[in-house]
Amino acid sequence: MKKYSKEIAVTIALCLLLGAVAYRVVEASNSLLPMFNGKNGRVILIDPGHGGSDPGAVSARGTKESALNMRIAMFLAEYLMSYGYEIRLTRGYKGDALGMDEGLSSNDRKRIFLETDHTLAVSIHMNKYSDESVKGAETFYYSQSEESRALAELVQSSLVAELDPTNKRQIKGSSDLYVLKTGRAPAVLVECGYISNPTEEMKLLTTEYQRKVAFAICCGIMRYCEAYGV
Ligand SMILES: [Zn+2]
């Protein structure tokens with residue numbers, strides 16, 4: 001009996017030791033993995049606009065909106081995950097984002113917005129206009145939602161501060177952008193810039209600027225979550 005208790009005691013001690021080592025390893029690997037997600041309990045639905053056979057807007061030099069939307073969406077996902085947010089994407093990521101990606105019908109998108117349990121949603125797009133001089137990021141929200149309006153204000157002020165303090169664009173309410181009114185949570189649509197403006201297009205094609213846009217949107221989302229306790 002005494003021998004058994006000694007063996008049990010040794011086994012328990014070994015288990016505790018192994019447990020402590022395993023805990024240290026997990027803790028160390030987490031600290032090396034800033035993309036560990038889902039820690040703060042908030043789920044962000046990111047919708048990279050268009051995709052597949054629908055390129056969205058295409059610039060004179062052939063830049064496809066859908067590819068840029070995906071690039072910025074992926075950087076946004078990376079930033080948000082590093083701050084503990086969980087991410088859902090409406091469309092996936094295949095190979096090089098400036099090449100292949102999957103498309104979704106508008107019904108598929110609506111279904112994802114309806115069925116995904118999320119804290120808030122952001123749809124990523126690029127703008128195009130006949131006048132080449134027109135430029136600047138702008139944020140849309142569903143006009144029937146006060147929460148969406150508040151989120152749009154914070155995202156737009158972050159975009160202005162991070163990308164171009166001279167950008168005077170105001171947020172715009174809309175009642176017919178289906179992705180904004182379909183979901184149950186606050187939602188905004190960000191037009192990150194004009195690919196019809198050659199200077200803005202060149203910036204949008206660089207990884208550095210794509211990251212800046214994504215970081216600005218991330219900051220706006222974080223400020224909203226803090227300010228409104230969602
Ligand atoms: Zn678009």
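These legends go with a handful of close-up views of a predicted model.

Local features here need pLDDT of at least 70 and side-chain atom pairs count only at pLDDT 80 or more, while totals for chains, interfaces and linings use all residues. Residues are numbered from 1 along each chain as its sequence is written.

**View 1. The elements of the protein chain, in order.** The protein chain has 7 helices and 6 strands (DSSP runs numbered from the N terminus: H or I of at least four residues for helices, E of at least two for strands). Starting at the N terminus, they go α-β-α-β-α-β-β-α-β-α-β-α-α. Of the contacts in the protein chain with a separation of 6 or more, 76% link residues 24 or more positions apart; a contact puts two C-beta atoms, placed from the backbone, within 7 Å.

**View 2. Strand 1 and its neighbours.** Strand 1 (residues 43-48) has 5 of its 6 residues buried, so it is largely enclosed by the rest of the structure. Buried takes 20 or more other C-beta atoms within 10 Å of a residue's own, with C-beta atoms placed from the backbone. Strand 1 runs parallel to strand 2 (residues 86-89), joined by 4 bridges, and Leu45 has Arg88 as its bridge partner there. From strand 1 the chain passes through helix 2 (residues 65-82) to reach strand 2, a right-handed β-α-β crossover (clockwise from first strand over helix to second, with the strands pointing away from the viewer). Strand 3 (residues 120-127) also pairs with strand 1, parallel again and over 5 bridges; pairing takes at least two DSSP bridges. Look for Ile46 and its bridge partner Val122 in strand 3.

**View 3. The largest nonpolar core, around Leu76.** This core holds 50 residues, and Leu76, Val188 and Ile217 touch the most other members. Helix 2 supplies its largest share, 11 residues. A nonpolar core joins buried Ala, Val, Leu, Ile, Met, Phe, Trp, Tyr and Cys residues through C-beta atoms within 7 Å. Leaving out residues up to four places away in sequence, Leu76 touches Ile46, Ala214, Ile217 and Cys218. Across the 230 residues of the protein chain, 38% are buried.

View 4. Mean pLDDT (the predictor's confidence in each residue, from 0 to 100) is 83 for the protein chain, with 78% of residues at 70 or more. Helix 1 (residues 2-32) has the lowest confidence, a mean of 45, and helix 6 (residues 198-204) the highest, at 98. Residues 14-36 stay under 50, with 5 contacts beyond four places in sequence. Residues 95-100 are also below 50, and have 7 contacts beyond near neighbours in sequence.

How values were computed: A residue is buried if 20 or more other C-beta atoms lie within 10 Å of its own, exposed if 12 or fewer, and partly exposed in between; C-beta atoms are placed from the backbone.
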